[in-house]
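Me: I have a model open and want to go through a few local features. Can you take my questions as they come?

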Amino acid sequence: MARNPPTIPAAKQAFLNTQTNLLSQPLAPSRAWRNANDASSDAIPARHVDEALVHVNHAVQQHCRRVFAPQATRAIAEQIADAYTRDADRRIGRDGDDEDVIGKEADLTTSSAIESLPAEWYLAKDTSAYPLEAKRYTDTVQHLTDLNEQRNQLRLRVEKLRRIQTSLAPLQTGEGGEGVQENLVTRNGAVEKELEKMRFLLARVAGRVGQLPDAIPGGETEEEKAVEDLGKARKRQIDEFLADPAVFPS
């Protein structure tokens, strides 16, 4: 069940609603009055009494609905709240020289406002006159201070986590696949696909290498041996041509 906010209008409206419910209760003669009426020689008939009560209670209900409507009680509660506010303004104006005065406009959800609250109620006479209220104020300020400290710690933790998130942002994979994450070796990842392509390429290269002719014992292939023999034959032909006495007589 939702509870009303702890404000002056809400508290006063709740009080007015309680009193209105009491006033709107149906009327009924007491047992003593009925006994006295029955014992009287000129008693009023019970039927007439009941009929009169029905009419009176109906009039009371109609009156309460018209006069004590929710809008009316709300307006009265707001008037009472305004009276409290004017009285607070008057006291603040009278005690304006006191640095510990708490203004009604103070936003107690902010850290600066909570840290500016005095630990104890600033008027000694009120502390002596209302010890329970003064203790409640001290406990409330302490509770607000603890909550404010917890909130500050949470803010620092959130800022730290955001810095970590910003630092790790380059490692995250974007919608288009950009980033470092896709380069990690994972199942069905990009690196695995490239290794699969390299495996097929190596198999093809190995097949081609296997088709090459075997090398001769000297370490040369047949093609290299044929080229070498052809060079030697041409050199021999040149030497024989230069040594021919018919061409170059001595």
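Me: Which helix is L168 found in?
Reply: L168 is in helix α7, residues 131-168. Helices here are DSSP runs of H or I with at least four residues, numbered from the N terminus. This is a predicted model, in which local features need pLDDT of at least 70 and side-chain atom pairs count only at pLDDT 80 or more, while totals for chains, interfaces and linings use all residues. Residues are numbered from 1 along each chain as its sequence is written, and side-chain values use heavy atoms, with hydrogens and water left out.

Me: How exposed is L168?
Reply: L168 is partly exposed, at a relative accessible area of 40%. Buried means under 20% relative accessible area, exposed over 50%, and partly exposed in between, with a 1.4 Å probe and protein chains only.

Me: And which nonpolar surface patch has L168 in it?
Reply: The one made by L161, I164, L168 and L171, about 330 Å². Patches take residues with over 30% relative accessible area and no salt bridge, joining nonpolar side chains (Val, Leu, Ile, Met, Phe, Trp, Tyr) within 5 Å and like charges within 9 Å. The areas are Shrake-Rupley values with a 1.4 Å probe; for residues, only the protein chains shown count as cover.

Me: Salt bridges next. How many in the whole structure?
Reply: Six, where a salt bridge is a side-chain nitrogen of Lys or Arg within 4 Å of a carboxyl oxygen of Asp or Glu.

Me: What about E51?
Reply: E51 forms a salt bridge with R47, with the closest N and O atoms 3.4 Å apart. Both lie in helix α3 (residues 46-67), four residues apart, or about one turn. R47 is exposed at 54% relative accessibility, and E51 is partly exposed at 40%.

Me: Switching to N37: buried or exposed?
Reply: Buried, at 10% relative accessibility. N37 is in helix α2, residues 31-39.

Me: What is N37 in contact with, leaving aside neighbours within four places in sequence?
Reply: A43 and I44, where contact means heavy atoms within 4.5 Å.

Me: Last one: what lies over the face of F200?
Reply: R199, at 4.8 Å from the ring centre. The test is NZ of Lys or CZ of Arg within 6 Å of the ring centre and within 35 degrees of the ring normal.

Notes. Helix = DSSP H or I, 4+ residues; strand = E, 2+ residues; numbered from the N terminus.
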